[in-house]
Amino acid sequence: MEFGISTFGEVTPDHVPGKAVNAHTRMQELLAEARLSDEIGLDVFAVGEHHRPDYIISAPEVALGAIAAITKNIRLSSSVTVLSSADPVRTFQNFATLDLISNGRAEIMAGRGSFIESFPLFGYHLNDYDELFIEKLDMLTKINNNEIISWQGKFRAPIRDRGVYPRPFQSKLPIWLAIGGTPASAARAGKMGLGMTVAILGGLPKQFVNIVKLFRQSAADAGHDLTTLPLAINCHMYIGEDGETAANEFWPVYEKIMNRVGEERGWPPITRAQFEYLRSPEGPLFVGSVQEIVDKIVYQSKLFNHTRFLAQILKGDISHDKILNSIELFGRKVLPAARSLLQTEQ
C-alpha cells in the first residue's frame, strides 16, 4: 500500500487585493509539509483545487511545480483537478510539464468538485454539471493515450489532427477518478480502467464497500486487469502523542470547518458526540494516537484491499509545528507499523 498526504491549503482569508500575508505564510507552510513528506518516505503529496477565499490552491499544477523543485521521490498529484470547469488540453499540458520538471512524478486526480465556485467563474452552467465532466474526461484520456487526436464534443471547439504538447516523461500520465460515493462515477472509473479515489469524509467506511465492488466489477466486465487497478481511500487525519490530546486539538478545527461548509449546504451543526463517533474504530476520521491510526489502516484494508491511503490534512488554527509533527508521526511511526501488519496478514 502507498501512503500520502492530501491538502486543500486552508487559510484565514486576507480579504485584500494584494499583500496577502496569510496566503503567503500558508503557502510556505505547505511547501514545508511537502518537503517533510518526501524526506520521511511518503509516497504521494496531493493538493486540491478550489476557488474560494478560505483555500490557497486554485492552480494545483503551479503549486506542485514548486514542490517538485524541492523534493526528490514523492509522487505529485492534484486532489482534485476540477475537470468540469477546466480545459482538458491545458490540463494535460500543465501536468505533462510538471512531469518533465519532476522526472516523471506527476499524476492527475480528476473530479467534478464538491464546491461549485469554478462554474460561474469560468463561464459554465451547473445544469451541465455531469455532461461537462463526462465530455472533458473523454477528451483528457484521449489526449493522454495519443500524440495526435481528432475530437469533437458539445461544450468545446473540436480538434482535427492536432498534437498536444509537451508529452510527459512517463509513458502516460496516471489519471485517477475521484468520487464521493456516486455509483455511476465508480462504474465509469472501472469501465475506463482508471484508478479511483474514494473520499470518505462522512458516513461509516463499511457503507462504501458496495461502491468499491461496483468499481471492480465494472473494470472486470470491461476486460481490465484487476491486479493492476489502483484504488485509493482518502480520509481526514490528525495524529497526536495520545488519542485524547489529538482529539482535543483537532475538534475545534473540525467543528469550525464542517459547520462553515454545513451552513452553506443546510446541514445541522456537528456536535462533539458526532465527532467522537466519527473517530471511533469503525469511523472515517483518522484522529488519534499512532496505534489508533495503524488499527484503522488495517481495518480499512480488510474492507477495501486498496492500494493507496491518502491522509487529508486540515490545519485550521492548529500550529504548523503540530501539523508537521502529525505528518512525521504518520511517516516515521504509522507507516512501518501498518506495513508490517499488512504484510503479515497477506
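This is a predicted model: local features need pLDDT of at least 70, side-chain atom pairs count only at pLDDT 80 or more; totals for chains, interfaces and linings use all residues.
User: Why is the pair of Phe-8 and Tyr-55 called edge-to-face?

Analyst: The ring centres of Phe-8 and Tyr-55 are 5.8 Å apart, and two rings pair if their centres lie within 6.5 Å. Their planes stand at 85°, and planes over 60 degrees apart count as edge-to-face. The pair is therefore edge-to-face.

User: What parts of the chain does this pair of Phe-8 and Tyr-55 tie together?

Analyst: Phe-8 belongs to the loop between β1 (2-7) and α1, and Tyr-55 to the loop between β2 (44-47) and α2 (60-70), so the pair joins parts that are 47 residues apart in sequence. Both residues are buried. Phe-8 is also among the residues that lie nearest the centre of the largest pocket, together with Gly-113, Ser-114, Ala-199 and Leu-201.

User: What makes the pair of Tyr-254 and Phe-275 tilted?

Analyst: The centres of these two rings are 5.7 Å apart and the planes are at 45°. Stacked pairs have planes under 30 degrees apart and edge-to-face pairs over 60, with the rest tilted; the value of 45° therefore makes this pair tilted. Tyr-254 lies in helix α8 and Phe-275 in helix α9 (residues 272-278), 21 residues apart. Tyr-254 and Phe-275 are both buried.

User: Which residues form an aromatic cluster with Tyr-254 and Phe-275?

Analyst: Tyr-238, Phe-250 and Trp-251 belong to one aromatic cluster with Tyr-254 and Phe-275. The structure holds 11 aromatic pairs.

User: How do you know that the charged end of Arg-265 sits over the ring of Phe-115?

Analyst: The charged end of Arg-265 is 4.8 Å from the centre of the Phe-115 ring, and the distance criterion is within 6 Å. A charge must also be within 35 degrees of the ring normal, and Arg-265 is classed as sitting over the ring. Lys-296 likewise lies over the face of Phe-286, at 5.6 Å from the ring centre.

User: Why does Ser-77 count as buried?

Analyst: The relative accessibility of Ser-77 is 1%, whereas buried means under 20%. Ser-77 therefore counts as buried. Ser-77 is in strand β3 (residues 75-78). Leaving aside neighbours within four places in sequence, its contacts include Val-44, Phe-45, Ala-46 and Val-47, as well as Leu-64 and Met-109.

User: Which residues of helix α6 are buried, and what do they pack against?

Analyst: In α6 (residues 183-192), the buried residues are Ser-185, Ala-186, Arg-188, Ala-189 and Gly-190. The buried residues of α6 pack against α5, β8, β9 and α7 (209-221). After α6 comes Gly-193, with a positive phi near 70°.

User: What makes up the lining of the largest pocket, by class?

Analyst: The lining has 19 nonpolar, 17 polar and four charged residues, with Gly counted as polar. This pocket holds about 900 Å³ of space and is lined by 40 residues. Helix α8 gives the largest share of the lining, four residues.

User: What is the make-up of the second largest pocket, and which residues are closest to its centre?

Analyst: Its lining has four nonpolar, four polar and eight charged residues. Of the 16 lining residues, Glu-10, Val-11, Thr-12, Gly-316 and Asp-317 are the closest to the centre; Glu and Asp count as charged. The volume of the second largest pocket is about 350 Å³, and α1 (21-39) and α8 each supply at least two residues of the lining.

Key:
Residues are numbered from 1 along each chain as its sequence is written. Side-chain values use heavy atoms; hydrogens and water are left out. On a 1 Å grid over the protein atoms alone, a cavity is a set of points where a 1.4 Å probe fits but cannot get out, and a pocket is an open set with protein on both sides within 12 Å along at least five of seven lines; lining residues have an atom within 4 Å of a point. Grid points are joined across faces, edges and corners, and a volume is the space filled by probe spheres set on the points. Rings of Phe, Tyr and Trp (its six-membered ring) pair if their centres lie within 6.5 Å; planes under 30 degrees apart count as stacked, over 60 as edge-to-face and the rest as tilted. Buried means under 20% relative accessible area, exposed over 50%, partly exposed in between (1.4 Å probe, protein chains only). Contact means heavy atoms within 4.5 Å.
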